[in-house]
Amino acid sequence: MFGKGSREEGWGIQVSHVDRKFGKRLVLQDIDFEVKPAEIFGLLGPSGSGKTTLVKLMAGIDRPTSGTVVVGGVQMPRLDMLGKIGYMAQSDALYAELTAKENLDFFASLFGLRGRGRRRRIEEVMELVHLTDSMKKRVSTYSGGMKRRLSLAIAMLHRPRILILDEPTVGIDPALRVSIWNELRDMSQSGTTILVTTHVMDEAEKCHRLGMLRDGRLIAVGTPGELKASANVTTIEEAFLAFGGVRG
């Protein structure tokens, strides 16, 4: 099990009236929501809806044009917060010429992990993503799905207080997806706050609460049950269409 402590010890995220412009193009408009400590919060939306841009603001690798993003009580971006956040980007940031083990050792050193604890932790995360037998292979030989799994292992490596995952299960087989989601639930129960982006409806159902994004706007926030009840539909997909003004 990853993380320690109770739900009350977790860190939350507050996004307050955030806009993000690139030149004259408004990519995010008046985004306002909260991720509660130790909950799994899902951002649901199609490609181009602004999910990745919003995730980068919360991870502290971009800054809003207006509004504020506060993570664990600290306004982002802040360099000293990077070691407390686990971030898995949509594109894999790996060193292809190194082995998976060498990649893990490099990132573990950045996170301040040392000695026997570091070795044990690397073994734990590689077992979770089913890559133990491929630990000594060069990343250049990995498939796309294997690279996603290694990126997830690196994001979890330092037991972050907040875990931000951008489309973490793309290219991952269904059985492993189930295992990963079971681990995310365990982490949440142990106090880790988790934000995950997805466009997969069955994954959205697994989140405690959801924010639905469409065309850079937050169109609804609530539990999966609340959203379906409010839209008077039976599936999250139908709820998303209803909140977006599309009725079947």
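Visitor: At 6% relative accessibility, does Arg148 count as buried or exposed?
Guide: The model is a predicted one, and in it Arg148 has a relative accessibility of 6%. Buried means under 20% relative accessible area, and exposed means over 50%. Because 6% falls under the cut-off of 20%, Arg148 counts as buried.

Visitor: Which residue meets the side chain of Arg148 in a salt bridge?
Guide: Side chains of opposite charge can pair when their charged atoms come close. For Arg148, the N to O distance in the salt bridge is 3.0 Å.

Visitor: How many residues apart are Asp92 and Arg148?
Guide: Asp92 is in the loop between strand 6 (85-88) and helix 2 (100-110), while Arg148 is in helix 4 (residues 144-156). The pair therefore links distant parts of the chain, and in the sequence the separation is 56 residues.

Visitor: How far apart are the closest N and O atoms of Glu39 and Arg209?
Guide: Glu39 is buried, and Arg209 is buried too. The two residues form a salt bridge. The closest N and O atoms of this pair are separated by 2.7 Å.

Visitor: Which strand holds Arg209, the partner of Glu39?
Guide: The salt bridge joins Glu39 to Arg209. Glu39 is in the loop between strand 2 (25-35) and strand 3 (40-44), and the two residues are 170 residues apart. Arg209, at the other end of this link between distant parts of the chain, is in strand 9.

Visitor: Which helix does the salt bridge of Glu167 reach?
Guide: Glu167 forms a salt bridge with Lys51, with 3.7 Å between the closest N and O atoms. Glu167 lies in the loop between strand 7 (162-166) and helix 5 (174-189), so the pair ties together parts that are 116 residues apart in sequence. Glu167 is buried at 6% relative accessible area, and Lys51 is buried at 5%. The element that holds Lys51 is helix 1.

Visitor: Which pocket has both Lys51 and Glu167 in its lining?
Guide: The lining that includes Lys51 and Glu167 also includes Val27, Gln90 and His199, among others. By class, this lining has 2 nonpolar, 8 polar and 2 charged residues. Helix 1 gives the most to it, with 3 residues. With a volume of about 150 Å³, this is the second largest pocket.

Visitor: What is the volume of the largest pocket?
Guide: The largest pocket is lined by 21 residues, and the closest to its centre are Tyr87, Met88, Phe107, Phe111 and Ile154. By class, its lining has 14 nonpolar, 5 polar and 2 charged residues. The volume of this pocket is about 450 Å³.

Visitor: Which residue in the turn between strand 1 and strand 2 has a positive phi?
Guide: Strand 1 (residues 13-22) and strand 2 run antiparallel and are joined by 7 bridges, and Ile13 has Val35 as its bridge partner. The two strands form a hairpin with 2 residues between them. In the turn, a phi of about 65 degrees belongs to Gly23.

Technical notes:
Residues are numbered from 1 along each chain as its sequence is written. This is a predicted model: local features need pLDDT of at least 70, side-chain atom pairs count only at pLDDT 80 or more; totals for chains, interfaces and linings use all residues. Side-chain values use heavy atoms; hydrogens and water are left out. A salt bridge is a side-chain nitrogen of Lys or Arg within 4 Å of a carboxyl oxygen of Asp or Glu. Helices (H or I, at least four residues) and strands (E, at least two) are DSSP runs, numbered from the N terminus. Buried means under 20% relative accessible area, exposed over 50%, partly exposed in between (1.4 Å probe, protein chains only). On a 1 Å grid over the protein atoms alone, a cavity is a set of points where a 1.4 Å probe fits but cannot get out, and a pocket is an open set with protein on both sides within 12 Å along at least five of seven lines; lining residues have an atom within 4 Å of a point. Grid points are joined across faces, edges and corners, and a volume is the space filled by probe spheres set on the points. Ala, Val, Leu, Ile, Met, Phe, Trp, Tyr, Cys and Pro count as nonpolar, Asp, Glu, Lys and Arg as charged, and the others, Gly among them, as polar. Two strands pair if DSSP finds at least two bridges between them.
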